[in-house]
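Please open the model in your viewer and keep the sequence panel beside it. The tour below goes from the whole chain to a single residue, with something to select at each stop.

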Amino acid sequence: HDPGRVEPDLPFLDGGFNSLMAIELRDRVSVATGLPMPTTLIFEHPTPAALAAHLATVLPADAGGAARPAERAPDPRPDGSDLPLLELELLP
């Protein structure tokens, strides 16, 4: 098992998320998308795949039809990847 790999169908709560981490994820998704997200985000969309599907429905689409987030800060990833940076510390 690769600890850096996100299992798209593993529920956030089964993956070790607690209520504080749920709020942190909600806040980061809100900042990354420029859209307000409900406090209950991971309870309404309990897996990464469900959350991604939801975001695809609420993000504005460009002329090509692809969903894209609102303006956001440059990605600080050292590898130059265009994947969003999301660092959460899992607590025991």
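## A tour of the chain

Begin with the whole chain in a cartoon view: in this predicted model, the secondary structure comes to three helices and zero strands, and reading along the sequence gives the pattern α-α-α.

Of the 92 residues in the chain, 21% count as buried. As for how the chain meets itself, residues 24 or more positions apart account for 50% of the contacts with a separation of 6 or more.

Next, hide the surface and select Phe 12, Phe 17, Met 21, Ala 22, Leu 25, Val 29, Met 37, Leu 41, Ile 42, Leu 51, Leu 55 and Leu 59, the twelve residues of the largest nonpolar core. The elements that give two or more residues to this core are helix H1 (19-33), helix H2 (41-44) and helix H3 (48-58), and H1 gives the most, with four residues. Within this selection, centre the view on Ala 22, which touches Phe 17 and Ile 42 when residues up to four places away in sequence are not counted.

For the last stop, select Thr 47, which lies in the loop between H2 and H3. Is Thr 47 buried or exposed? Thr 47 counts as buried because its relative accessibility is 13%, and the cut-off for buried is under 20%. To see what is around Thr 47, leave aside its neighbours within four places in sequence and show its contacts, which are Pro 8, Asp 9, Leu 10, Pro 11 and Phe 12.

Terms used: Residues numbered from 1 in each chain as written. Predicted model: local features only at pLDDT ≥ 70, side-chain atom pairs only at ≥ 80, totals over all residues. Heavy atoms only, no water. Buried < 20%, exposed > 50% of the residue type's maximum accessible area, 1.4 Å probe, protein only. Contact = heavy atoms within 4.5 Å. Core = buried A, V, L, I, M, F, W, Y, C linked by side-chain atoms within 4.5 Å.
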